[in-house]
Amino acid sequence: MENKNNSIGCTVDSCKYHAKDTNYCTKNVIEVSACNSCAKTVDNTCCQSFEAK
């Protein structure tokens, strides 16, 4: 397993980059974008680095 990145929290354990034992990401960098044309709340953003396990 890759080391967790303490700078990127993540609770999506269905992602291949989830740090398994803890709620962190194992990637060095992630890409976050708006799900719609203009994000106004947290719910309007998406992790573009997500890959299913």
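## A salt bridge across the chain

In this predicted model, the count of salt bridges comes to one. The partners are Glu51 and Lys16, whose side chains meet with 3.4 Å from N to O. Glu51 sits in the segment after S4, while Lys16 belongs to the loop between strand S1 (5-9) and S2, so the pair ties together parts of the chain that are 35 residues apart in sequence. Side chains of opposite charge can pair when their charged atoms come close.

For the charges as a whole, the protein chain carries 6 positive and 6 negative side chains. The centres of these two sets lie 1 Å apart.

## The chain as a whole

Stepping back, the protein chain has zero helices and four strands. Read from the N terminus, its elements follow the order β-β-β-β. If you trace the C-alpha atoms, the span along the principal axes is about 35 × 20 × 15 Å.

The chain has 53 residues, and 21% of them count as buried.

Which cysteines does it join? They are Cys35 and Cys46, with 1.6 Å from S to S. Cys35 lies in the loop between S3 and S4 and Cys46 in strand S4, 11 residues apart, and the pair links distant parts of the chain. The angle about the S-S bond is 105°, and the link of Cys35 and Cys46 is right-handed. Cys35 is partly exposed at 36% relative accessibility, and Cys46 is likewise partly exposed, with a relative accessible area of 27%.

Cys15 is in no disulfide; the nearest cysteine sulfur to it belongs to Cys10 and is 5.8 Å away. A disulfide needs sulfur atoms within 2.5 Å. Cys15 is buried, with a relative accessible area of 6%. Cys38 is in no disulfide either, and the nearest cysteine sulfur, that of Cys35, is 12 Å away. At 46% relative accessibility, Cys38 counts as partly exposed.

## Two loop residues to look at

Let's visit Thr26 next. Thr26 is found in the loop between strand S2 (24-25) and strand S3 (32-34). Is Thr26 buried or exposed? Thr26 has a relative accessible area of 8%, so it counts as buried. Which residues are in contact with Thr26, leaving aside its neighbours within four places in sequence? One group is Glu2, Asn3, Lys4 and Asn5, and the others are Tyr17, His18 and Ala19.

Lys40 lies in the loop between S3 and strand S4 (45-47). With a relative accessible area of 71%, Lys40 is exposed, whereas Thr26 is buried.

Conventions. Residues are numbered from 1 along each chain as its sequence is written. This is a predicted model: local features need pLDDT of at least 70, side-chain atom pairs count only at pLDDT 80 or more; totals for chains, interfaces and linings use all residues. Side-chain values use heavy atoms; hydrogens and water are left out. Buried means under 20% relative accessible area, exposed over 50%, partly exposed in between (1.4 Å probe, protein chains only). Contact means heavy atoms within 4.5 Å. Lys and Arg count as positive and Asp and Glu as negative; His and the chain ends are not counted. The place of a charge is taken as NZ of Lys, CZ of Arg, CG of Asp or CD of Glu. A salt bridge is a side-chain nitrogen of Lys or Arg within 4 Å of a carboxyl oxygen of Asp or Glu.
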